[in-house]
Amino acid sequence: MVQALLIGLIAGIGILDERVLGATLFGRPIVLSVFVGLALGDIKQGIIIGAQLELIWMGIAGIGVSTPPDYVTGGVIGTALAIISHKGIGIALTIAVPVAVLAANLGTLVRVVNLWFSHKADKYAETANFRGINLMLLSTTILFFLSAFIPTFLAMLLGASKINLIINAIPKVILDGLTVAGNLLPSVGFALLLDMLFSKKLFVFFFLGFLLCAYLKLDITGIAVLAICMAIIIVLFGNNGKKPNGKDETKSEKTEDNLTEGAIDFD
Amino acid sequence: MILTDKKLTKKDLRSIFWRGFALQGGFNYEKMQNIGYAYAMEPAIKRLYSNTKDRAAALKRHLALFNCTPAMTPMIMGISSAMEEQYANNPSAIDPDSINSVKAALMAPFSGIGDSILFGTFRVIAAGIGASFAKQGSILGPILFFVLYNLPATLIRIFGLKYGYKWGVESLDEVQKNGVMDQIMQIVGIIGMMVVGGMVATMLPVVTPLKFSMTGATVKLQTIFDQIMPKLLPLLTTLLVFCLIRKKVSVSKLTIGVLILGILLHVIGIL
């Protein structure tokens with residue numbers, strides 16, 4: 001019970017990161033799973049699971065019309081149940097991915113209910129009632145908190161004792177398959193990032209980064225530092241002399257570029 | 001016409017800065033971040049207007065639809081504050097409606113810039129480096145992730161608000177004039193692309209256990225792939241998912257689909 005409350009609190013506070021705590025990304029699975037691990041006494045496993053979940057969901061930034069998966073609720077429940085069952089990362093992902101998709105509906109519901117608070121805020125504005133507007137912000141914040149706290153708390157309360165029973169009933173070949181699927185899943189995160197960064201002219205740099213790591217075995221820190229130097233060199237020295245030409249190109253490209261269209265729904 | 005000399009204090013701006021973090025707290029599908037934006041502007045409104053009518057009008061202005069990358073918003077808030085200050089001191093100098101039209105005009109381009117810099121570059125680098133440590137179970141991973149992202153993100157917030165307020169609407173001409181923004185966008189695009197490419201090669205262990213016999217000897221399919229190009233399967237997997245995303249398949253469908261496909265491919269022995 002105390003454990004369920006604690007994990008629920010972690011999820012509740014985690015979801016507020018992108019709401020009222022400035023999107024500092026402490027609600028991302030790579031950070032939040034540390035706290036889940038801490039609460040359940042296996043911090044190392046928490047960190048490892050968090051890393052894999054981060055890779056899967058790293059492309060999510062609320063782009064487009066479809067509701068993005070709720071990585072906070074999904075990540076916390078998946079990490080917690082995997083640590084409790086001692087079955088590792090495959091189970092964590094199998095629980096986290098569908099739960100995140102389901103939990104996203106709760107987030108949608110809150111954003112619809114918030115319409116009412118928004119209209120009330122308009123009313124308070126007419127009399128310059130600052131406290132009224134602050135109260136509306138506080139109410140919506142509480143709703144968001146509950147949208148992650150309640151499902152996580154319930155999942156822990158009901159699921160924690162039964163999770164081993166359920167997992168033991170699954171045949172081994174499927175469990176191994178879950179690990180394979182877990183290895184495959186970050187491709188979605190990478191592809192989403194590519195989609196976000198996409199522009200035809202820059203695509204060659206994706207292959208360059210890939211090839212440097214695949215053949216020369218550079219690690220990510222190495223490739224990041226190298227990329228920063230290269231990008232600065234190319235832009236500072238490469239564009240000299242042919243500016244007018246380059247400008248036309250970027251213009252025609254903008255239509256395909258997600259980023260410059262501003263078609264991004266921030267939430 | 002009485003001209004006044006009302007001015008926001010440092011304390012007001014600091015208050016706007018901290019309130020800016022709560023931007024998305026009241027997110028709703030009609031006016032998005034409107035409540036959060038108005039909440040952040042309250043200190044300025046209180047300082048600049050003394051009667052209820054003016055305060056109500058200003059609050060209503062900032063309760064209009066707003067939606068932008070959170071870390072980019074302090075700069076817009078700074079510009080709004082500068083314009084409110086100008087209007088409060090001399091109502092004939094600017095049209096109050098222009099305060100909102102500037103906000104509306106800035107949302108989309110600021111989101112575009114913010115997304116590619118913050119999410120496309122800083123977060124990618126932070127997650128890439130952080131995850132490579134965290135995968136080994138090192139606490140350094142999450143810490144590096146958090147610091148590498150928040151250091152630049154917080155600086156953008158601080159200097160955005162400062163210069164947005166200081167330069168007002170002119171700050172935008174300043175930035176756009178010399179093409180610096182285009183160059184920055186190109187730099188972050190290149191870095192983001194390269195790091196994602198690197199992650200595909202190092203963090204996506206896709207291998208096949210398939211073997212077949214050829215004139216008596218068993219040949220591992222994976223060995224052949226490795227001879228063509230190391231990490232060929234991770235690359236092809238990512239490009240395939242990328243094509244599906246371009247075809248507008250939703251993220252939820254994709255993640256669940258990959259999960260199920262992974263299990264199936266393992267059960268029939270391909271992966």
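Predicted model: local features only at pLDDT ≥ 70, side-chain atom pairs only at ≥ 80, totals over all residues.
Is the crossing of α1(A) and α4(A) right-handed or left-handed?

1. Residues are numbered from 1 along each chain as its sequence is written, chains are lettered from A and ligands numbered from 1 in the order in which they are written, and side-chain values use heavy atoms, leaving out hydrogens and water.

2. In chain A, the axes of helix α1 (residues 2–16) and helix α4 (residues 71–85) come within 9 Å and cross at roughly 150°. The two helices, α1(A) and α4(A), are therefore roughly antiparallel (an angle over 145 degrees). The crossing of α1(A) and α4(A) is right-handed (the near helix is turned clockwise from the far one by less than a right angle).

3. Contact (heavy atoms within 4.5 Å) involves A:Gln3, A:Ile7, A:Ile10, A:Ala11, A:Gly14 and A:Ile15 on α1(A), and A:Val72, A:Thr73, A:Val76, A:Ala80 and A:Ile84 on α4(A). Of these residues, 8 are nonpolar, 3 polar and none charged, with Gly counted as polar.

4. Chain B contains 11 helices and 2 strands (DSSP runs of at least four residues, H or I, for helices and at least two, E, for strands). An automatic or database assignment divides chain B into domain 1 (10–199) and domain 2 (208–267), whose C-alpha centres lie 41 Å apart.

5. The radius of gyration of chain B, over C-alpha atoms, is 26 Å, whereas a compact globule of 271 residues would have one near 18 Å (2.2 Å times the number of residues to the power 0.38). Along the principal axes, the C-alpha atoms of chain B fill a box of roughly 100 × 35 × 35 Å.

Definitions and conventions. Axes fitted to C-alpha atoms, helices over the stretch in contact; angles between N-to-C directions. Parallel < 35°, antiparallel > 145°, perpendicular 65-115°, else oblique.
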